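Here is a briefing on one protein model and its ligand. Keep the structure open while you read.

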Amino acid sequence: MTTVLVTGATGRVGRHVVAGLRAAGVTVRALVRTPDLAGFPPDVELVQGDIHDADAVRRAAASVDAAFLLWPSYSAEGVEKIVPELPSRVVYLSSLNAASGGVWGDIEQLLRDSSDKAWTFLRPSGFAVNAQGWADAIRSGDSLRLPYPEASRSMIHERDIAAVAVLTFVNPGHVGQIYELTGPEALTQAEQVATIGRAVGRDIHVVPLAGDAARQAMLDQGAAPALAASAVNYWASLVDNPEPITTTVAELTGRPALTFADWTREHADEFRVLSTAEVAQGYVDALSAGRLDEAFSFLAPDVVRAAPLESATELKGTAAILENAQRLNTDVEYLAVETLGPLLHANHFAIRFTFTQRNTTTGTRSRATKLSLCTVESGQITREDVFYYTPPSGS
Ligand SMILES: NC(=O)c1ccc[n+]([C@@H]2O[C@H](COP(=O)([O-])OP(=O)(O)OC[C@H]3O[C@@H](n4cnc5c(N)ncnc54)[C@H](OP(=O)(O)O)[C@@H]3O)[C@@H](O)[C@H]2O)c1
């Protein structure tokens with residue numbers, strides 16, 4: 001297996017798939033919507049495009065040997081135009097619920113019906129990383145409102161899904177296999193919250209939320225009515241019928257599957273209010289390594305950015321900041337970044353960045369230096385004032 005196309009490469013599973021394939025010596029091509037934010041090492045080939053666009057998928061799949069397919073929508077509509085563009089070897093990230101239909105069952109059926117496809121289906125249980133959805137509430141208080149706290153799930157660590165995906169590409173014998181992948185134990189939602197509490201050293205009180213209220217909360221967040229109803233019904237069913245536990249991860253990888261406690265230890269910082277020093281260091285480390293999406297995770301959703309040499313008005317919100325960064329970076333390739341700092345004072349920190357950059361149109365190399373002064377409140381960057389020593393290109 002020499003080149004594998006990874007879709008959903010920047011996602012929670014996909015990033016580990018990319019890392020695992022690279023570690024196994026496989027060339028990775030990634031279909032990404034926003035290359036500037038991908039943050040992969042330079043040997044990962046990036047193809048910009050939307051997975052719903054058959055032309056983009058055709059470009060991305062040109063001369064690859066295999067594909068990791070992640071379909072990001074809740075409907076299978078349009079996937080029939082994409083599947084013919086994929087190489088014959090496809091590993092599809094499905095779900096434990098595929099057997100009962102839905103988008104996963106539809107896509108599995110389409111792959112089965114495609115005579116040229118040599119498929120493997122990965123059917124994971126709920127991802128441990130879904131617990132990130134509780135992080136805001138746990139950071140800002142001591143209680144968490146949850147439907148069906150006694151619903152029992154065999155949460156899987158996303159790295160285990162990726163480990164299995166990688167070995168199905170690298171080793172023979174996995175074509176036509178369906179792998180049901182779960183964590184090594186089933187925990188009730190209340191036990192999951194208690195596990196997070198132990199990792200952050202606090203008691204978190206679970207307040208039961210009625211099923212109807214949970215459904216309404218999902219609708220308020222934009223979920224389709226059918227999805228909200230089926231999710232709530234599924235959680236209700238798990239009170240008396242816990243999710244199954246399989247041993248497939250251990251059998252395939254040759255090591256025990258990771259536990260939910262393993263996951264919470266790795267992610268404990270996301271559930272506690274970080275100090276200014278921790279935010280500053282995390283932000284600088286992520287920016288220096290080009291991991292822009294991780295850097296953005298330190299920004300409050302309504303963060304204000306004031307950079308008079310970039311735009312006359314202050315920008316508010318991560319979407320506006322990202323759009324501005326993309327506009328400024330249209331012709332810019334960053335060759336190196338040096339940082340000084342972070343320099344801390346109370347709830348502020350400063351960092352000096354010096355970028356060595358190349359204009360991709362003219363080929364001209366230049367250096368730009370700027371100072372960012374950040375304000376941290378409740379563990380998030382709420383304001384960034386940017387002062388350039390050298391005006392940014394594109395301004
Ligand atoms: N969460 C669970 O408990 C669970 C359980 C079983 C199965 N699943 C399945 O697992 C998959 C989600 O995996 P995940 O959590 O790793 O994903 P994720 O973290 O939600 O990330 C989604 C990925 O898909 C990409 N993407 C989204 N829309 C796209 C588009 N229109 N065109 C191209 N790329 C697009 C995103 O790229 P950008 O960088 O462009 O945003 C990102 O890389 C879904 O298919 C879900 O049904 C989830």
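Leu69 touches Thr7, Leu86, Val90, Val91, Tyr92 and Leu93, leaving aside residues up to four places away in sequence. Touching, or contact, means that the C-beta atoms, placed from the backbone, lie within 7 Å. This is a predicted model: local features need pLDDT of at least 70, side-chain atom pairs count only at pLDDT 80 or more, and totals for chains, interfaces and linings use all residues. Numbering starts from 1 along each chain as its sequence is written.

**Nonpolar cores**

- Leu69 is one of the 62 residues in the largest nonpolar core. Leu69, Val4, Ala67, Tyr92, Leu122 and Ala165 touch the most other members.
- Helix H7 (residues 158-170) gives this core its largest share, seven residues.
- Another core, of 13 residues, lies apart from it and includes Val279, Ala280, Leu299 and Val303.
- A nonpolar core here is a set of buried Ala, Val, Leu, Ile, Met, Phe, Trp, Tyr and Cys residues joined through C-beta atoms within 7 Å.
- A residue is buried if 20 or more other C-beta atoms lie within 10 Å of its own, exposed if 12 or fewer, and partly exposed in between, with C-beta atoms placed from the backbone.
- In soluble globular proteins, nonpolar side chains tend to be buried together.

**Strand S5 and its partners**

- Strand S5 (89-93) is mostly covered, with four of its five residues buried.
- Strand S4 (residues 66-69) pairs with S5 in the parallel sense over four bridges. Ala67 stands opposite Val90 in S5.
- S5 also runs parallel to strand S6 (residues 118-124), joined by five bridges. Val90 has Trp119 as its bridge partner in S6.
- Two strands pair if DSSP finds at least two bridges between them.
- Helices (H or I, at least four residues) and strands (E, at least two) are DSSP runs, numbered from the N terminus.

**Ser95**

- Ser95 sits in the loop between strand S5 and helix H5 (102-113).
- Ser95 counts as buried because 21 other C-beta atoms lie within 10 Å.
- Ser95 touches Trp104, Arg123 and Pro124, not counting residues up to four places away in sequence.
- Ser95 and Phe353 are 258 residues apart along the chain, and their C-alpha atoms are separated by 43 Å.

**Ile161**

- Ile161 lies in helix H7. It is buried, because it has 24 C-beta neighbours inside 10 Å.
- Ile161 touches Val13, Leu122, Pro124, Ile156 and Leu181, not counting residues up to four places away in sequence.
- Ile161 and Gly14 are 147 residues apart in sequence, yet 9.5 Å apart in space, C-alpha to C-alpha.

**Ligand shell**

- The ligand is surrounded by 23 residues, and the closest are Thr10, Gly11, Val13, Arg33 and Pro72. A residue is near a molecule or strand if its C-beta atom, placed from the backbone, lies within 6 Å of it.
- By class, the shell has 11 nonpolar, nine polar and three charged residues. Ala, Val, Leu, Ile, Met, Phe, Trp, Tyr, Cys and Pro count as nonpolar, Asp, Glu, Lys and Arg as charged, and the others, Gly among them, as polar.

**The six-stranded sheet**

- An open sheet of six strands has the order S13-S12-S17-S16-S15-S14, with mixed pairing.
- Strands S13 (315-316) and S14 (332-345) stand at the edges, each with a single partner strand, so one side of each has no neighbour in the sheet.
- Strand S12 (residues 299-306) runs antiparallel to S13, joined by two bridges. Val304 stands opposite Lys316 in S13.
- Strands S15 (residues 348-359) and S16 (residues 365-377) pair in the antiparallel sense over 11 bridges. Arg358 stands opposite Arg365 in S16.
- The hairpin of S15 and S16 has five residues between the strands, and Gly363 there takes a positive phi near 80 degrees.
- S16 pairs with strand S17 (residues 380-388) in the antiparallel sense over eight bridges. Val376 has Ile381 as its bridge partner in S17.
- The hairpin of S16 and S17 has two residues between the strands, and Ser378 there takes a positive phi near 50 degrees.

**Whole protein**

- The protein has 15 helices and 17 strands.
- Buried residues make up 31% of the 395 residues.
- Among contacts between residues at least 6 apart in sequence, 67% join residues at least 24 apart.
- The C-alpha atoms fill a box of roughly 60 × 55 × 40 Å, taken along the principal axes.

Note on methods:
Contact = placed C-beta atoms within 7 Å.
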